[in-house]
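My entries follow in the order in which I looked things up.

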Amino acid sequence: GDFTVDEYRLYREFIDTPQSVPAEQALEAVARKHGVTGAVATDIMKRVQNNLSDNKWFATPSAEIRHASDWNGEIR
């Protein structure tokens, strides 16, 4: 894949945010937790989603993370 485990986790945390939380608020919280700006978080999420989509890798989170370039068997 063209993303790391940490980038996948950022993406997944945003995707898994309840719909009752405004997207802007969710983005801010995820970005802050991962120590990046909102713009960087947005770029990461787009890249991960595009990579999963382009390769038809959408599946369960435990299956998707296996496509990360640095995945080493760990699943959290």
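**Entry 1: Tyr11.** I listed the contacts of Tyr11, leaving out residues up to four places away in sequence, and found Met45, Val48, Gln49, Leu52, Phe58 and Glu64. Contact here means heavy atoms within 4.5 Å. I note that this is a predicted model, in which local features need pLDDT of at least 70 and side-chain atom pairs count only at pLDDT 80 or more, while totals for chains, interfaces and linings use all residues. Residues are numbered from 1 along each chain as its sequence is written, and side-chain values use heavy atoms, with hydrogens and water left out.

**Entry 2: the core.** I then looked up the largest nonpolar core, which has 15 residues. A nonpolar core is a set of buried Ala, Val, Leu, Ile, Met, Phe, Trp, Tyr and Cys residues joined through side-chain atoms within 4.5 Å. Buried means under 20% relative accessible area, exposed over 50%, and partly exposed in between, with a 1.4 Å probe and protein chains only. The members that touch the most other members are Phe3, Tyr8, Leu10, Tyr11, Val48 and Leu52. At least two residues of this core come from each of α1, α2 and α3. The most come from α3, which gives five.

**Entry 3: the chain as a whole.** I counted four helices and zero strands in the protein chain, and from the N terminus on the elements run α-α-α-α. Helices (H or I, at least four residues) and strands (E, at least two) are DSSP runs, numbered from the N terminus. Along the principal axes, the C-alpha atoms fill a box of roughly 30 × 25 × 25 Å. Buried residues are 28% of the 76. Of the contacts between residues at least 6 apart in sequence, 64% join residues at least 24 apart.

**Entry 4: helix α2.** I took α2 next. It has 12 residues and reaches 16 Å from its first C-alpha to its last, close to the 16 Å expected at 1.5 Å a residue. The expected span is 1.5 Å times one less than the number of residues. Which residues of α2 are buried? They are Ala26, Leu27, Val30 and Ala31. They cover an arc of only 125 degrees around the axis, which puts them on the same side of α2. The arc is that of the directions from the helix axis to the C-beta atoms. What covers these buried residues includes α1 and α3 (38-54). The face turned away from the buried side carries the exposed residues Glu24, Arg32 and Lys33. Just after α2, Gly35 takes a positive phi of about 70 degrees.

**Entry 5: salt bridges.** I searched the whole structure and got six salt bridges. A salt bridge is a side-chain nitrogen of Lys or Arg within 4 Å of a carboxyl oxygen of Asp or Glu.

- Glu13 pairs with Lys33, with the closest N and O atoms 3.3 Å apart. Glu13 lies in helix α1 and Lys33 in helix α2 (residues 23-34), so the pair ties together parts that are 20 residues apart in sequence. Glu13 is partly exposed at 26% relative accessible area, and Lys33 is exposed at 62%.
- Arg9 pairs with Asp6, with the closest N and O atoms 3.9 Å apart. The two are three residues apart in helix α1 (residues 5-15), which means that about one helical turn separates them. Arg9 is buried, at 14% relative accessibility, whereas Asp6 is exposed, at 51%.
- Asp16 pairs with Arg12, with the closest N and O atoms 3.1 Å apart. Asp16 is partly exposed at 48%, and Arg12 is buried at 17%. A network of salt bridges links Arg12, Asp16 and Glu64.

**Entry 6: Asn51.** Is Asn51 buried or exposed? I found Asn51 in helix α3 and buried, at 13% relative accessibility. Apart from its neighbours within four places in sequence, Asn51 is in contact with Gly1, Asp2, Phe3 and Trp57.
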